[in-house]
Amino acid sequence: MNRRKCLALLGAGVIAGVNSAVYLSQSTQMEKMPKSPNEFRAVFHIHSNFSGDSYLQDCTIERYIDKAFEEELDLLVITDNSEDRSLDYLLSISSNSHFKVHSLGENAIVVDRGDKQLYFLRGIEYHNHSENLGGHLLALGHTKKILNEAKYTVNDMIKIIHDHSGLTIPPHPFAVEVLGVNMGGMGLKLMDIKDEVDAVEVFNAQNICLIPGIIDATQFNYKAKIFADKHHLARICGVDCHRVKDLGVCYMKFPRDKINLNDGEKLVGSLKKLITETKNPEVYRQYAFERYNSWLGFVEYQLNARIS
């Protein structure tokens, strides 16, 4: 990375910090939303410390579990970068934890704390930037990881994930590049697969306005929503968190009585049906200072990675 780009990233971090302080002084954090008895809160697109870009490395799955119970969440899908080890990890530590873990099949587990339950689906964010894939692709609820992803086209990947009971969703599709950094969005390549994917991530909680008129990532969400509206696509919101504190700022709400919680594949099937029917997902946004810290952590991570 050349010196100019390093200085640009560093400058952006400083300006973003000042902007976040101004924003924080002018706004208040939203209160936690009350939860109705039939409400099922699902959080998609989460990164744990199995992802190489979880910059602050505090994202242990155990901490996510504690935070999820605190936020009254019901389902998490951890989508680490080209890794799907979260379910296997939880099963391996269950005997030494303050909670019990029960398998619901190859693609789902339930964490039982006694008074509350938290469900996990197997998930992964395929991170290949090659011409074959063209950008990132989320797989949710699949039963088997695709090995050697670089040799497949994105159409092949979608078919394989579907063959293994998973859902396919392009995340942050129009976040193509920020400050010279490839953000993994597919951009207009999404046109080629729009009829094959199950949904599009139209709201990414990390796409915020850092510097008005200079770095405003909210445009990426706007473009994704316009695309989904134009082509009548199902959509989800994703938190895309790389820090535990960000969990809960964004989730989707579903009627609990319409979700089959007894079996992994049936759970995925009922979620797919609900997502397909959900043209306008109910999104809870909680602007909090921690998400500015996530972006500053991202800048620091990029600087360290490219200088070293």
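Author: Glutamate 39 is buried, at a relative accessible area of 9%. Buried means under 20% relative accessible area, exposed over 50%, and partly exposed in between, with a 1.4 Å probe and protein chains only. This is a predicted model, in which local features need pLDDT of at least 70 and side-chain atom pairs count only at pLDDT 80 or more, while totals for chains, interfaces and linings use all residues. Residues are numbered from 1 along each chain as its sequence is written, and side-chain values use heavy atoms, with hydrogens and water left out.

Reader: Which side chain meets glutamate 39 in a salt bridge?

Author: That partner is arginine 41, with an N to O distance of 2.5 Å. A salt bridge is a side-chain nitrogen of Lys or Arg within 4 Å of a carboxyl oxygen of Asp or Glu. Arginine 41 is buried as well, its relative accessible area being 1%.

Reader: How many salt bridges does the structure hold?

Author: It holds 15 salt bridges.

Reader: Let us change topic to helix α5. Where do lysine 225 and aspartate 229 lie in it?

Author: They are four residues apart in helix α5 (residues 218–231), so about one helical turn separates them. Helices are DSSP runs of H or I with at least four residues, numbered from the N terminus. The two side chains meet in a salt bridge at 3.0 Å, N to O. Lysine 225 is partly exposed at 36%, and aspartate 229 is partly exposed at 33%.

Reader: Which arginine forms a salt bridge with aspartate 229?

Author: Arginine 235 does, with the closest N and O atoms 3.1 Å apart. Arginine 235 is buried, with a relative accessible area of 2%.

Terms used: Helices (H or I, at least four residues) and strands (E, at least two) are DSSP runs, numbered from the N terminus.
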